[in-house]
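Morning, everyone. I'd like to go through the salt bridges in this one. Here it is on screen.

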Amino acid sequence: LLAQAGQWSEAVELYEREIEILGDQEPGRRQSLWLQVAEISLATLADPNRALRGYEEAARIGGLQPAAVRAWADLYLSTGHPERHVEVFAQWCDDALANATGHDHMALARRLEDLGRRDEALARAARATAVVAMIAQLAVEGGDEGSAETAVWAEATLHTVHSHLRDHVPA
């Protein structure tokens, strides 16, 4: 009712009190409440620290849906936590349900490179190239020449970036 009335801060405080009362009981309910805390804190209260806590607590309870993981990763990036961002973004990229693209893996590779994690960046760049190659192959097998051409072009671009990472980034 508080959320429906636009009393967002009070609603979040109520959710947090309910979580405290539940203790270790009803993990599904607690996770749902933590996610609501995160979403309201981010979207309505402009409180990224509270939102981060909500995502972290929800993840401690159990696995999160890909959309929540991506929001959590993006929040780490926007709040200046690049190490935590790459950890959570990698979880999202590696989740088959997230449908991460080659470009997502390449974005992760670039962020890993920025953090000086060259070997991980190279592995992620190789994975990005493999994802795009698989898409191109599926498009060719399915007779979709337009998609195949686009995928092959994207693969060539990713391969060039991967080669650049391998050849020009200091070890």
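R117 is partly exposed, at 22% relative accessibility. The classes are buried under 20% relative accessible area, exposed over 50%, and partly exposed in between, with a 1.4 Å probe and protein chains only. R117 forms a salt bridge with E120, closest N and O atoms 2.8 Å apart. That term needs a side-chain nitrogen of Lys or Arg within 4 Å of a carboxyl oxygen of Asp or Glu. E120 is partly exposed too, at 39%.

Quick caveats. This is a predicted model, so local features need pLDDT of at least 70 and side-chain atom pairs count only at pLDDT 80 or more, while totals for chains, interfaces and linings use all residues. Residues are numbered from 1 along each chain as its sequence is written, and side-chain values use heavy atoms, leaving out hydrogens and water.

The whole structure has 10 salt bridges. Next pair: R70 and D104, with 3.9 Å between the closest N and O atoms. R70 sits in helix α4 (residues 66-78) and D104 in helix α6 (residues 102-114), so the pair ties together parts 34 residues apart in sequence. Helices here are DSSP runs, H or I, of at least four residues, numbered from the N terminus. Is D104 buried or exposed? Buried, at 15% relative accessibility. R70 is partly exposed, at 26%. R70, D74 and D104 are linked in a network of salt bridges.

Last pair: E57 and R60, at 3.3 Å, N to O. Both lie in helix α3, 3 residues apart, about one turn. E57 is partly exposed at 22%; R60 is exposed at 61%.

Terms used. Helix = DSSP H or I, 4+ residues; strand = E, 2+ residues; numbered from the N terminus.
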